[in-house]
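Here is my note for your first pass through this model. Keep the viewer open and follow the points in order.

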Amino acid sequence: MPSIPQDLYPSEEDLLYEEEILRNPYSLKLWWRYLQARRESPFRKRSVLFERALKALPGSYKLWHRYLREKMEGVRGLPLTHSWYENLNNTFERALVTMHKMPRIWILYLQLLMDQKFLTRTRRTFDRALCSLPVTQHDRIWELYLKFVGQPGVPIETALRVYRRYLKFDPTHVEEFIDFLLESKLWQEGAVKLAQVLNDASFQSIKGKSRHHLWLELCNLLTVHAREVSGLQVDAIIRGGIRRFTDEVGRLWTSLADYYIRRSLFEKARDIFEEGMTSVTTVRDFSLIFDSYTQFEDSMLMAKIKALEDEEDEGADLKLQGNGAGGKDEKAKSRKSKTSKENWENEILSDFWLNDANDIDLRLARFEHLMDRRPELVSSVLLRQNPHNVHEWHKRVKLFENNPGRQILTYTEAVKTVDPFKAVGKPHTLWVAFAKLYEAHNDIVNAEKIFEKAVQVGFKAVDDLATVWCEWAEMLIRHKKFKGALKLMWRATTEPTLAVRRTIAASGEEPVQMKVFRSLKLWTFYVDLEESLGTLDGTRKLYERILDLKIATPQIILQYAYMLESNKFFEDAFKVYERGVQIFKYPHVREIWTTYLVKFVGRYGEKKLERARDLFEQAVEKVPAEDAKPLYLQYAKLEEEYGLARHAMAVYERATKAVADNEKMSIYEIYIARAAEFFGVPKTRKIYEMAIQSGLPDKDVKVMCMKYAELERNLGEIDRARAIYVHAAQMADPRSDSEFWSKWNDFEVQHGNEDTFREMLRIKRSVSASYSQMHFILPEYLMQREPGKVSLEEAVDTLKRAGVPEDEMAALERQIAPPRSPLKEGMRSLGFVSGGVEEQRETITSRKTMNPEEIELQEDDEDDEGGEAENLDIAQKAVPDAVYGDLASKARELAKEEKREADTEEPLGALARLKRQKKQ
């Protein structure tokens with residue numbers, strides 16, 4: 001028996017632990033305390049302690065785990081062939097005798113064996129672990145097992161068996177098995193497994209792959225490895241994917257064709273390409289298939305050319321070898337005899353063209369034919385997307401421009417396919433173009449048959465059917481069949497009988513054939529045809545029929561009347577105009593009235609003046625403002641030429657109130673010019689005054705005032721002209737309207753004096769200050785408005801929205817300078833002098849001395865009788881100052897001060913005056 005080294009015996013320090021263990025050798029706590037106390041001791045001594053403890057407690061997991069860990073740390077860094085590894089393996093085997101239910105011990109042992117590269121021993125240990133552990137803990141072992149079989153060097157058959165066992169444990173990880181098969185180049189089993197997965201409707205991918213992605217993987221596998229995979233119906237599988245996944249149709253068709261190409265079934269591949277091109281519905285899929293098809297044909301052509309070149313080179317080499325042998329070598333003789341036999345067979349079969357190996361011309365013709373068919377194939381794809389696309393059918397017909405037979409077949413297919421209610425475009429154009437195709441080839445009989453069928457089609461719109469009738473009639477006219485065209489239009493416009501209408505109404509929906517007799521397009525064409533080829537009475541009947549059907553338009557009225565006038569039926573033409581103005585309202589009746597009045601006046605002139613006046617009165621009775629100007633001008637012209645001048649002036653005056661605001665200025669200018677011509681220049685004063693007070697826009701009033709002032713200056717009425725300038729000044733901003741102020745300045749220079757010139761300057765400063773108050777930091781869109789169009793309230797509200805605070809000055813401005821309201825009709829504007837009234841000098845002087853604190857009382861409206869209140873003498877009496885108290889004295893002082901400052905200093909601005917009032 002070998003002696004035990006002295007250092008492995010217990011020392012004096014261990015006696016305490018040894019005595020406790022002797023008293024209680026089965027206490028784990030005592031053994032663990034002993035081991036913890038000697039954790040710094042050499043491993044050999046600790047190993048003895050572990051062996052003693054495990055002998056006493058062989059079922060302690062804590063001791064075994066700690067022991068095995070320390071032994072694994074001890075062998076780390078040693079070569080795998082070291083004896084300690086085998087010792088460690090034996091220790092694991094001893095531990096597993098009692099620890100075979102502990103998965104952690106098995107995992108440590110298996111990892112150790114995997115590191116030692118023991119394939120068979122490791123595999124058997126894995127099997128033992130799976131047999132020993134419960135099923136609930138197998139997943140921990142399988143994870144390591146799959147990692148083991150995935151290592152290089154493990155036989156594929158072993159890995160396959162392990163994976164098959166694992167799938168019985170957990171079938172959800174079939175994707176890992178498929179990936180392993182593909183990595184191992186086991187294409188047949190991989191394709192079978194992938195097909196099984198796709199056939200399982202309940203399968204859920206743990207990798208997040210969709211069924212679409214799995215389908216594409218299977219199709220790619222079947223096509224790329226067509227020769228390795230067998231036993232699967234590849235054609236049926238890929239076609240199932242084509243039906244299911246419509247967004248990958250082009251790719252799947254090319255995959256199927258690629259499968260047959262790899263199987264060397266080239267004709268079958270061509271059939272697949274053709275079928276794919278004739279079944280896809282998108283241009284993208286078609287382009288993918290067509291590009292693959294052309295690439296296939298091109299590669300086949302190139303391969304055939306290369307093969308022929310190689311055969312020629314090989315034949316030349318054999319010939320050279322035969323000449324060099326000289327007939328002495330037996331091997332060369334046998335090769336020569338074999339070659340001669342092949343040549344003899346080729347000579348016998350050379351007469352059969354199917355046996356011709358040189359089919360390059362055939363392949364080249366096939367390739368060119370494919371390229372030529374591309375536009376037709378693209379058209380077919382677009383029509384499969386929407387077979388009711390009329391425009392696409394027309395484009396398809398143009399592809400066969402030099403092939404009338406194909407064009408006829410295309411039109412036939414088009415008119416059978418297109419549903420008028422689903423059509424994109426105008427379906428009747430297909431029928432018309434179809435008939436014109438026969439007409440272009442001088443086949444009128446068949447063209448009429450096409451039109452006959454077309455007029456029986458249930459189009460969506462009545463206009464479509466009417467167009468077909470008109471095209472049919474035009475074709476007859478082009479071939480000199482005038483009576484046939486008239487008869488055809490009579491047939492088209494014939495109203496269905498009551499019995500037919502009742503039958504159709506009982507059946508449900510009413511077709512367009514029952515409504516086409518009311519088509520204005522059809523009747524217009526019929527009228528033109530009758531007028532050109534028929535009689536006058538027939539044409540009049542047609543026009544009357546149009547009026548009876550109530551489908552006439554103003555253009556129809558004008559054409560009817562013009563036809564009657566051309567044939568000297570003037571009264572009948574005027575009756576037609578009368579019917580037209582009764583049927584239509586404004587604005588449609590405007591052209592009828594204008595033409596009617598011109599024709600009537602031109603026909604009768606002054607002979608039927610009263611009737612003409614009645615017509616004009618009817619015309620202007622309900623005319624809107626925007627259409628009134630030409631009628632009133634015609635009316636006034638009638639009175640000027642055939643009536644009385646005062647009647648013409650009355651018409652002009654009515655026109656100024658009836659026309660739109662933007663046309664009033666031009667009417668007033670014409671009114672003034674005609675009045676001056678008929679009654680002289682002084683008569684125009686009243687018109688000028690009426691225009692100024694009529695509510696024209698400020699810019700037009702200003703222009704009118706300038707013209708009025710120029711008139712008065714020419715007449716020598718200088719004071720009246722100056723008063724007009726004063727009135728117009730309130731509408732002229734000195735900053736933007738320099739023309740007005742320059743004219744007034746020139747006027748004062750020529751006809752005024754120092755006082756009048758100063759007064760003009762004072763008014764100019766006052767107007768400028770008023771516009772400055774209004775336009776102070778206003779937005780650009782308000783600054784560009786016409787003077788007088790911006791109210792103070794609008795300006796203040798705009799500034800308030802912009803964030804500008806409303807201070808006391810703005811509040812005072814709102815009270816003192818209220819917005820200027822438009823003048824009422826009949827009310828005179830302040831500061832304006834009408835004819836017969838004294839000049840305004842006193843009014844201006846009184847305005848200067850007006851009390852600023854005076855209370856403004858609203859004037860009473862004028863009496864209805866007008867003018868009587870002005871002639872009354874009303875006695876006035878001054879109010880005593882005692883009534884006002886201190887206010888009266890302050891008012892007098894303020895008036896004196898203002899007068900003194902006005903005489904000595906320049907006038908204050910609006911802001912200074914407001915500050916002064918605030919201080920007081």
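1. At what angle do helix α24 and helix α25 pack, and how far apart are their axes? This is a predicted model. In it, α24 (residues 462–478) and α25 (residues 482–492) pack at an angle of about 165°. Their axes are 8 Å apart. An angle over 145 degrees counts as roughly antiparallel, so α24 is roughly antiparallel to α25. The crossing of α24 and α25 is right-handed.

2. Now look at the residues between these two helices. From α24 come W469, W472, A473, L476 and I477. They meet F482, G484, A485, L488, M489, R491 and A492 in α25. By class, the contact of α24 with α25 has 10 nonpolar residues, 1 polar and 1 charged.

3. Which residues touch the most other members of the largest nonpolar core? They are W469, W593, F740 and W744, in a core of 131 residues. Helix α24 gives this core its largest share, 9 residues.

4. Set aside its neighbours within four places in sequence. W469 is then in contact with V455, L488, M489, R491, A492, V516 and L522.

5. T467 is another residue to check in helix α24. Is T467 buried or exposed? Its relative accessible area is 11%. The limit for buried is under 20%, so T467 is buried. Beyond its neighbours within four places in sequence, T467 is in contact with H428 and K521.

6. Next, the loop between α24 and α25, where K480 lies. K480 is not a glycine, yet its phi is positive, at about 65°. Most residues other than glycine have a negative phi. K480 is exposed, with a relative accessible area of 65%.

7. K117 shows a positive phi of about 65° too, and it is not a glycine either. Find K117 in the loop between α6 (103–116) and α7 (119–132). At 56% relative accessibility, K117 counts as exposed.

8. Helix α35 (residues 661–679) and helix α36 (residues 684–692) pack at an angle of about 165°. Their axes are 9 Å apart. The two are therefore roughly antiparallel to each other. Their crossing is right-handed.

9. Which residues make the contact of α35 with α36? On the α35 side they are Y668, Y671, I672, A675 and A676. On the α36 side they are T684, I687, Y688, M690 and A691. By class, 9 are nonpolar, 1 is polar and none is charged.

10. Check the backbone at P587. A cis peptide bond joins Y586 and P587, with omega about 5°. Most peptide bonds are trans. P587 sits in the loop between α30 (570–583) and α31 (590–604).

11. Last, R94 in helix α5 (residues 83–98). At 38% relative accessibility, R94 counts as partly exposed. Leaving aside neighbours within four places in sequence, R94 is in contact with E51 and W64. R94 and W64 are 30 residues apart along the chain, and their C-alpha atoms are separated by 9.8 Å.

Key:
Residues numbered from 1 in each chain as written. Predicted model: local features only at pLDDT ≥ 70, side-chain atom pairs only at ≥ 80, totals over all residues. Heavy atoms only, no water. Axes fitted to C-alpha atoms, helices over the stretch in contact; angles between N-to-C directions. Parallel < 35°, antiparallel > 145°, perpendicular 65-115°, else oblique. Left-handed = near helix turned anticlockwise from the far one by under 90°. Contact = heavy atoms within 4.5 Å. Nonpolar A, V, L, I, M, F, W, Y, C, P; charged D, E, K, R; others polar. Core = buried A, V, L, I, M, F, W, Y, C linked by side-chain atoms within 4.5 Å. Buried < 20%, exposed > 50% of the residue type's maximum accessible area, 1.4 Å probe, protein only.
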